[in-house]
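Good morning, and thank you for coming. Please look at the sequence and the model as they come up, and keep both in view while I speak.

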Amino acid sequence: MLLELKGVSAAYGKITAIRDISMTVDKGQIVTIIGGNGAGKTTTLRAMSGMLPVTAGEITFEGKRIDGLPASKVVAHGIAHVPEGRRIFPDMTVEENLRTGAFLRKDTAGIEFDLSTVYRKFPRLQERRGQRAQTLSGGEQQMLAIGRALMSKPRLLLMDEPSMGLAPVIVDEIAEIIREINQQQGLAVVLVEQNAELALELADHAYVLETGNCNLNGPASELHENDHVRAAYLGI
């Protein structure tokens, strides 16, 4: 098992956002978290990456507890977070953005190798390597955010709403990138995605959050056929 949450709760001030969440992610697995707005999906990712402290429960990664660690230490353990809205540095160039993803690494040769790998995977980024990030299209900015996360050499990639605001043809391209990262690199992925159809198509296992609670989980293919999921999230 790669990642495990046991009875995790988290809050913003006095407002509890998630309650008693338990879930697991195995090596090489794509796990998706679906649910409506305010269900606690982003909060769960923030708890996993150390961006939000947990108020109860524990989180272990590769058998070691990581709850209570700052986000920089969680990254060092091998978890990278691609946040909602991409959060690139707009005034920095594409290459400068990518290199920030490797800020904890000291292996200069490895960094250069991984940078060339990211450019092979995202040729449009290589073409625009000297451009300021704010000049990129939405799809290119999402590719940049993914590439920056890969530069930390993670073993688990957390992705928050990667398809948000993108044209359908670009959504398909991002979905294929997620597949390739998982299948070719063996990288485990936790995917938060409002496009439940896309999320269930990509994932091996799925969790459904509603008002901060995990009400349902199972193989993604089975949840796709679940009557409640189909009515609430697939519009069927």
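Let me begin with a term: a salt bridge is a side-chain nitrogen of Lys or Arg within 4 Å of a carboxyl oxygen of Asp or Glu. What we have here is a predicted model, in which local features need pLDDT of at least 70 and side-chain atom pairs count only at pLDDT 80 or more, while totals for chains, interfaces and linings use all residues. Residues are numbered from 1 along each chain as its sequence is written, and side-chain values use heavy atoms, with hydrogens and water left out.

By the salt-bridge rule, the count is 16. One of these pairs is Glu112 with Arg99, whose closest N and O atoms are 2.8 Å apart. This pair connects distant parts of the chain, since Glu112 belongs to helix α4 and Arg99 to helix α3, 13 residues apart. Helices here are DSSP runs of H or I with at least four residues, strands are runs of E with at least two, and both are numbered from the N terminus.

Glu112, at 36%, is partly exposed, and so is Arg99, at 31%. Both residues also take part in a network of salt bridges that links Glu95, Arg99, Glu112 and Arg129.

Two further pairs deserve attention. Arg124 forms a salt bridge with Glu173, with 2.2 Å between the closest N and O atoms. Here Arg124 sits in helix α5 and Glu173 in helix α7, 49 residues apart. In the other pair, Arg128 and Glu140, the closest N and O atoms are 3.1 Å apart. Arg128 lies in the loop between α5 and α6, and Glu140 in helix α6, so the pair ties together parts that are twelve residues apart in sequence. Arg128 is partly exposed, at 21%, whereas Glu140 is buried, at 7%.

Let us return to helix α4. It covers residues 108-121, has 14 residues and reaches 20 Å from its first C-alpha to its last, close to the 20 Å expected at 1.5 Å a residue; the expected span is 1.5 Å times one less than the number of residues. Which residues of α4 are buried? They are Ile111, Asp114, Leu115, Val118, Tyr119 and Lys121. Seen down the axis of α4, the buried residues fall within an arc of 160°, so they line one face of the helix; the arc is that of the directions from the helix axis to the C-beta atoms. On the other side of α4, Ala109, Phe113 and Arg120 are exposed. The cover over the buried residues includes α3, α5, α6 and α7, where contact means heavy atoms within 4.5 Å.

Finally, the strands. Seven of the ten residues of strand β1, residues 3-12, are buried, so β1 is largely enclosed by the rest of the structure. Two strands pair if DSSP finds at least two bridges between them. β1 pairs with β2, residues 15-25, in the antiparallel sense over seven bridges, and six bridges join β1 to β4, residues 54-61, also antiparallel. Leu3 has Val25 as its bridge partner in β2 and stands opposite Phe61 in β4. In the hairpin of β1 and β2, Gly13 takes a positive phi near 65°.

Terms used. Buried means under 20% relative accessible area, exposed over 50%, partly exposed in between (1.4 Å probe, protein chains only).
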